[in-house]
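Take a look at the chain below. We will go through it piece by piece, starting from the inside.

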Amino acid sequence: LKEEDTNISWWFQVLATFCGHIYKKYNIELSGLLQYIVNQLKANKSTDLLILKEVVQRMSGIEISEEVTDSQLEAVCGGPVLLAEAGFFTPIRHAERSNQRLQESLSVDNIWLPLCILASQQRHSIVFGNN
């Protein structure tokens, strides 16, 4: 974060995107990064959730959209042809292997459970202002 405001610095956003691309393309062990994010969340530092978001987004092949129209939402209910016709939801190909690696990394030592709990606690802390 920049010290003068609450926006995330551009270099950190670029770093998160870079991490997402690297972990998707190369067979790098994810457990260290996931444990680092868990440790940061335990210390009430939520900025590293951006790295987690990018890694999950790139490796799982799921595009995150923040503004979805009603027609796009209806297109999700259909098959792949309807999704392609909607033009908004573009499937990311070749994510099967990286998706499997992500699933395996999250299941090692059951790191997915503390990650989910700590992320939800951070959300609660941010929304309601608890320290």
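This is a predicted model: local features need pLDDT of at least 70, side-chain atom pairs count only at pLDDT 80 or more; totals for chains, interfaces and linings use all residues.

Start with the nonpolar core. The largest one has 19 residues. Tyr23, Leu30, Leu33, Ile51, Val55 and Leu115 have the most contacts inside it.

Now pick out Leu33. Leaving aside residues up to four places away in sequence, Leu33 touches Tyr23, Ile51 and Val55.

Two packed helices are described by the angle between their axes and the distance between the axes. For helix 2 and helix 3, the axes come within 10 Å. They cross at roughly 145°. The crossing of helix 2 and helix 3 is left-handed.

Which residues meet where helix 2 faces helix 3? Helix 2 brings Leu33, Leu34, Ile37 and Leu41. Helix 3 brings Leu49, Ile51, Leu52 and Val55. By class, this contact has eight nonpolar residues, with no polar and no charged ones.

Turn to the cysteines. A disulfide is a covalent bond between the sulfur atoms of two cysteines. How many disulfides does the model have? The count is zero, taking a cut-off of 2.5 Å between the sulfur atoms. Cys19 and Cys116 can still be placed by their accessibility. Cys19 has a relative accessible area of 15%. Buried means under 20%, so Cys19 is buried. Cys116 has 48% relative accessibility. That value lies between the 20% and 50% limits, so Cys116 counts as partly exposed.

Finish in the loops. Asn44 lies in the loop between helix 2 and helix 3. Asn44 is not a glycine, yet its phi is positive, at about 60°. Is Asn44 buried or exposed? Its relative accessible area is 54%. Exposed means over 50%, so Asn44 is exposed.

Asp109 sits in another loop, between helix 6 (96-107) and helix 7. Asp109 also has a positive phi, about 55°, although it is not a glycine. With a relative accessible area of 75%, Asp109 is over the 50% limit and therefore exposed.

Terms used
Residues are numbered from 1 along each chain as its sequence is written. Side-chain values use heavy atoms; hydrogens and water are left out. A nonpolar core is a set of buried Ala, Val, Leu, Ile, Met, Phe, Trp, Tyr and Cys residues joined through side-chain atoms within 4.5 Å. Buried means under 20% relative accessible area, exposed over 50%, partly exposed in between (1.4 Å probe, protein chains only). Contact means heavy atoms within 4.5 Å. Axes are lines fitted to C-alpha atoms, for helices over the stretch in contact, and angles run from 0 to 180 degrees between N-to-C directions. Helices (H or I, at least four residues) and strands (E, at least two) are DSSP runs, numbered from the N terminus. A crossing is left-handed if the near helix is turned anticlockwise from the far one by less than a right angle, and right-handed if clockwise. Ala, Val, Leu, Ile, Met, Phe, Trp, Tyr, Cys and Pro count as nonpolar, Asp, Glu, Lys and Arg as charged, and the others, Gly among them, as polar.
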